[in-house]
Amino acid sequence: MATSDLTAAPAMPPALSTLVADRLREMITRGVLAPGERLKEAELAESMAVSRGPVREAISILERDGLIESQRHRGARVITLTFDDIEEVYSLRLAIERLAMERCAARIDDAALARMDDVIARMKALAEGDDHVALDLEFHDLVYAGADHARLRRTWSLLRSQVSMFLNARLDRDHFRASAWSEHAELRDVLAKGDPEAAAAAIERHIGWTLRRIRETRAADPDTPATGPLSGPGPQGKTGL
């Protein structure tokens with residue numbers, strides 16, 4: 001087959017199991033399926049109008065993503081994040097996002113800045129029922145895309161769902177609507193200056209306080225659920241998301 005034939009061929013649609021996994025991922029990260037909830041293949045298949053095969057494959061996908069855990073003779077359940085889990089996720093997130101910001105600052109162009117401006121404008125116009133976390137993560141996705149580092153993006157993709165799950169559980173949406181757009185505008189502006197060192201310092205401020213609050217909350221009360229509030233306010237009312 002000629003290369004031109006391959007280029008002209010229509011894109012293959014995603015596998016049904018991938019579509020089911022995407023839907024289950026959204027249900028888990030948004031709290032529709034609660035932490036610890038058992039996943040019953042037959043019920044899920046019926047509710048999604050698919051056979052049990054794609055549901056079983058989707059559960060395997062999400063188990064690899066760290067959103068589901070399976071135990072022999074007990075079936076599959078949504079994970080329950082502990083503060084130890086969240087500390088691991090956020091300490092790794094801070095490390096990789098520092099690198100992403102440095103690389104993105106060195107490569108940023110007008111088109112990438114325009115995409116960030118669009119996300120920030122939508123943050124500023126958020127209404128009560130909008131998906132706040134999705135917009136937040138969309139901005140950070142652009143940072144990773146701008147870093148132009150495939151393995152870095154792959155590492156972020158492994159953390160992203162657990163970050164989303166955590167944020168949906170603890171996000172103060174009123175506060176987010178009031179301040180998140182300006183915080184992300186600050187990140188956008190420092191990237192626009194093309195200074196990798198300043199970009200790394202900016203993300204350290206943006207995410208670093210959340211990691212500190214996670215550690216402080218865990219130290220003060222190890223039994224506090226990871227879905228509960230963090231101890232203390234952020235600096236100058238920042239969301240740190």
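The views below show a predicted model, in which local features need pLDDT of at least 70 and side-chain atom pairs count only at pLDDT 80 or more, while totals for chains, interfaces and linings use all residues. Residues are numbered from 1 along each chain as its sequence is written, and side-chain values use heavy atoms, with hydrogens and water left out.

**View 1. Crossing of helices α9 and α10.** Helix α9 spans residues 173–192 and helix α10 residues 196–220; their axes come within 9 Å and cross at roughly 165°. The two helices are therefore roughly antiparallel to each other. Their crossing is left-handed. From α9, Glu183, His184, Leu187, Val190 and Leu191 make the contact (heavy atoms within 4.5 Å) with Ala198, Ala199, Ala202, Ile203 and His206 of α10. By class, 7 nonpolar, 2 polar and 1 charged residues take part in the contact of α9 with α10. Here Ala, Val, Leu, Ile, Met, Phe, Trp, Tyr, Cys and Pro count as nonpolar, Asp, Glu, Lys and Arg as charged, and the others, Gly among them, as polar.

**View 2. Aromatic pair of Tyr90 and Phe166.** The whole structure holds 2 aromatic pairs, a pair being rings of Phe, Tyr or Trp (its six-membered ring) with centres within 6.5 Å; planes under 30 degrees apart count as stacked, over 60 as edge-to-face and the rest as tilted. Tyr90 and Phe166 are edge-to-face, at 5.6 Å centre to centre and 70° between the planes. The pair links distant parts of the chain, 76 residues apart, with Tyr90 in helix α5 (residues 83–107) and Phe166 in helix α8. Tyr90 is buried at a relative accessible area of 0%, and Phe166 is buried at 2%. Buried means under 20% relative accessible area, exposed over 50%, and partly exposed in between (1.4 Å probe, protein chains only).

**View 3. Aromatic pair of Tyr144 and Trp156.** The ring centres of Tyr144 and Trp156 lie 4.8 Å apart with the planes at 5°, so the pair is stacked. Tyr144 belongs to helix α7 and Trp156 to helix α8, so the pair ties together parts 12 residues apart in sequence. Tyr144 is buried, with a relative accessible area of 1%, and Trp156 is buried at 3%.

**View 4. Positive phi at Asp148.** Phi of Asp148, a residue other than glycine, is near 55°. Asp148 lies in the loop between α7 (132–147) and α8 (150–170), and counts as exposed at 56% relative accessibility.

How values were computed:
Axes are lines fitted to C-alpha atoms, for helices over the stretch in contact, and angles run from 0 to 180 degrees between N-to-C directions. Helices (H or I, at least four residues) and strands (E, at least two) are DSSP runs, numbered from the N terminus. Angles under 35 degrees count as roughly parallel, over 145 as roughly antiparallel, 65 to 115 as roughly perpendicular and the rest as oblique. A crossing is left-handed if the near helix is turned anticlockwise from the far one by less than a right angle, and right-handed if clockwise.
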